[in-house]
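Please look through the structure below with this note at hand. The points are numbered, and they may be read one at a time.

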Amino acid sequence: MATPTPQQQFDSEFSALQTSLKRLQDAARLNNARGAVERLDADIGSLPGQIAALRTQSYAFEKGLELEAMQIQAEWRGIEPVTRSQIETQTAPIQAELRVLEGQISQLAAQRSNPALARPALERLKTSVQTLVSKAEAAERTVSSAYQPISGKVSALKFRLQKIEWMMKQLAEASFKLLATESGIMAVKAVWCKDVKEHPEDPDGVLYLTDQRLIFEQKEEIATKKVLFITTAKEKVQALKWEAPVALVEEVKPSKQGMLKNEDHLDIRFGPGAPLQTVHLHIWQEASEWVQLINRAKTRDFDQTRALKIDEAAQEKVKSAPSQCPSCGANITQVVLRGMDSIKCEYCGYVIRL
């Protein structure tokens with residue numbers, strides 16, 4: 001490769017300087033901070049609507065969501081004008097220095113035909129541009145420190161809402177229906193590992209936690225035809241695989257598995273009356289969080305956070321459910337869930353209307 005001439009070398013460096021100047025022109029306006037503030041403003045403004053939509057879909061819990069959104073909006077009303085003013089205050093001196101640099105670079109352009117003479121000015125301007133970039137970055141940090149605390153609150157709340165929105169979408173598409181007064185708490189993508197160790201043929205789907213049940217629904221596309229090990233046809237499989245009253249959960253254990261210990265797994269042990277004794281699940285959320293969720297549902301802690309009331313008649317049906325079969329006198333061992341219309345005696349098969 002031929003060694004560039006002094007003129008070619010100067011032209012290359014001058015072109016790079018002009019590119020740096022264009023980036024600096026954006027940085028000098030604190031465009032990143034301006035964009036962040038606009039996005040934050042839009043996110044905060046959308047929070048009440050997101051929560052209202054979830055209530056319309058019958059999300060019953062976290063009655064403090066609306067208040068939390070209102071408090072964030074009130075806090076933002078105090079911070080927003082100060083933040084926008086600070087952007088302009090930080091921008092003014094940087095813009096003034098930028099105009100001087102722009103004039104000097106224009107003068108340097110007229111000297112490009114004499115690289116030897118223009119070289120000192122080029123080196124000086126490189127340093128000046130980098131110095132001003134550093135000032136602009138420092139100004140960005142100063143501005144972001146003003147809104148970062150509330151930005152963190154908004155991000156955390158939006159993340160919670162997104163998980164709830166995903167659950168409500170899955171429930172709307174589910175192959176089963178919730179009981180009349182049953183409400184979803186959380187859902188997660190999951191694999192039901194039938195013999196504890198995960199295999200490719202294990203059902204892939206969604207684990208649901210409601211205020212009354214744990215439910216696993218298979219929901220995946222399965223290859224129905226392969227040519228030379230390449231899938232050429234698929235079939236969607238969606239079916240309820242198992243369900244169990246959350247009251248029958250006796251123990252939940254989280255674990256980290258996989259080669260890098262970055263997979264979240266749950267081991268759940270059920271008491272007598274459940275369709276399964278134990279289940280092992282690979283889930284796509286923090287397993288420790290699910291342990292807390294399941295235990296809270298078991299102790300009915302979520303009832304304290306209800307935003308939508310439970311129908312009193314449905315509650316009375318559960319309270320007045322018989323403890324013995326009126327036909328054969330056997331004890332009723334089935335867990336009666338709110339919203340059920342009948343139970344069946346496991347000994348004589350008699351259907352008891354509630």
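1. Phe-10 and Phe-14 are both buried, where buried means under 20% relative accessible area, exposed means over 50% and partly exposed lies in between, computed with a 1.4 Å probe on protein chains only. This is a predicted model, in which local features need pLDDT of at least 70 and side-chain atom pairs count only at pLDDT 80 or more, while totals for chains, interfaces and linings use all residues. Residues are numbered from 1 along each chain as its sequence is written, and side-chain values use heavy atoms, with hydrogens and water left out.

2. The structure holds 8 aromatic pairs; rings of Phe, Tyr and Trp (its six-membered ring) pair if their centres lie within 6.5 Å, and planes under 30 degrees apart count as stacked, over 60 as edge-to-face and the rest as tilted. One of these pairs is formed by Phe-10 and Phe-14, which are stacked at 6.4 Å centre to centre with 10 degrees between the planes. The two residues are 4 apart in helix H1 (residues 6–28), and are therefore separated by about one helical turn. Helices (H or I, at least four residues) and strands (E, at least two) are DSSP runs, numbered from the N terminus.

3. Trp-242 and Phe-270 form an edge-to-face pair, with 6.2 Å between centres and 70 degrees between the planes. Because Trp-242 lies in strand E4 (residues 230–245) and Phe-270 in strand E6 (residues 263–270), the pair ties together parts that are 28 residues apart in sequence. Trp-242 is buried at a relative accessible area of 5%, and Phe-270 is buried at 6%. Ring pairs also link these two residues with Trp-192 and Phe-216 into a cluster.

4. Strand E7 (residues 278–283) is mostly covered, since 5 of its 6 residues are buried. E7 runs antiparallel to strand E1 (residues 184–192), to which 3 bridges join it, and it also runs antiparallel to E6, with 6 bridges between them; two strands pair if DSSP finds at least two bridges between them. Within E7, His-282 is the bridge partner of Val-191, and Ile-283 is that of Asp-264.

5. Helix H5 (residues 287–298) has 12 residues and reaches 17 Å from its first C-alpha to its last, close to the 16 Å expected at 1.5 Å a residue, a span taken as 1.5 Å times one less than the number of residues. Its buried residues include Trp-290, Leu-293 and Ile-294. Seen down the axis of H5, the buried residues fall within an arc of 165 degrees, so they line one face of the helix; the arc is that of the directions from the helix axis to the C-beta atoms.
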